[in-house]
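I opened my notebook to get to know a structure that was new to me. Here is what I looked up, entry by entry.

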Amino acid sequence: MDKIPILRMGAFLLVTIQVDLYDRLALNLEADLVQMVNKTNAKGVLIDISAVSIVDSFMGRIIGNIASMSKILDAETVVVGMQPAVAITLIELGLPLKGVHTALDMEKGMNLLKSMIDETEEDADEDQTADDLIAE
């Protein structure tokens, strides 16, 4: 059975899709990725789809599901390398992809994830400070 490799880079998981995804492979990726987010306590997921030339509604839903499930597990999702034809198709299909952030390339995607994680940590620090003041 084919598998899409999931690499861990610090607090992030990196997935590079190099093949066209058929339904079973996409479902396996979804399950494997969510399990890895939970297992590694990852704070971000970066999905590189630069080699993907076509996305159907099923694949669009899988990407949206991954983002939603990752968010529940306290991880942000960024999709990078989307080709213009793929973006057009997603819009024409009416897929909103809520919770999916996008960036042009890997470097910008990693920077975006890092900035989102930094903001989350700052918010948590502010909440902790407010809790400390209330306790006093």
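Which handedness does the β-α-β unit made by strand 3, helix 2 and strand 4 have? I found it to be right-handed; the term means that, with the strands pointing away from the viewer, the path from the first strand over the helix to the second runs clockwise.

**Ground rules.** I am reading a predicted model, where local features need pLDDT of at least 70, side-chain atom pairs count only at pLDDT 80 or more, and totals for chains, interfaces and linings use all residues. Residues are numbered from 1 along each chain as its sequence is written, and side-chain values use heavy atoms, with hydrogens and water left out.

**Overall layout.** I counted four helices and five strands in the chain; these are DSSP runs numbered from the N terminus (helices H or I, at least four residues; strands E, at least two). Their order from the N terminus is β-β-α-β-α-β-α-β-α. Of the chain's 136 residues, 38% are buried (under 20% relative accessible area, with exposed over 50% and partly exposed in between, for a 1.4 Å probe and protein chains only).

**Strand 3.** I looked here next, and five of its five residues are buried, so strand 3 is largely enclosed by the rest of the structure. Gly44, Leu46 and Asp48 point one way, while Val45 and Ile47 point the other.

Strand 3 pairs with strand 2 in the parallel sense over five bridges (pairing takes at least two DSSP bridges between the strands). Across that pair, Val15 stands opposite Ile47. Strand 4 (residues 76–80) also runs parallel to strand 3, joined by five bridges, and there Glu76 is the bridge partner of Gly44.

**Helix 1.** I checked the length of helix 1 (residues 23–40). Its 18 residues should span 26 Å, and the end C-alpha atoms are 26 Å apart, so the two agree; the expected span is 1.5 Å times one less than the number of residues. Its buried residues include Leu25, Leu29, Leu33 and Val37. Among the elements covering the buried residues of helix 1 are strand 1 (6–9), strand 3 (44–48) and helix 2 (57–72). Just past the helix, Asn41 takes a positive phi of about 60°.

**Last note.** Helix 1 also belongs to a right-handed β-α-β unit, together with strand 2 and strand 3.

Definitions and conventions:
Contact means heavy atoms within 4.5 Å.
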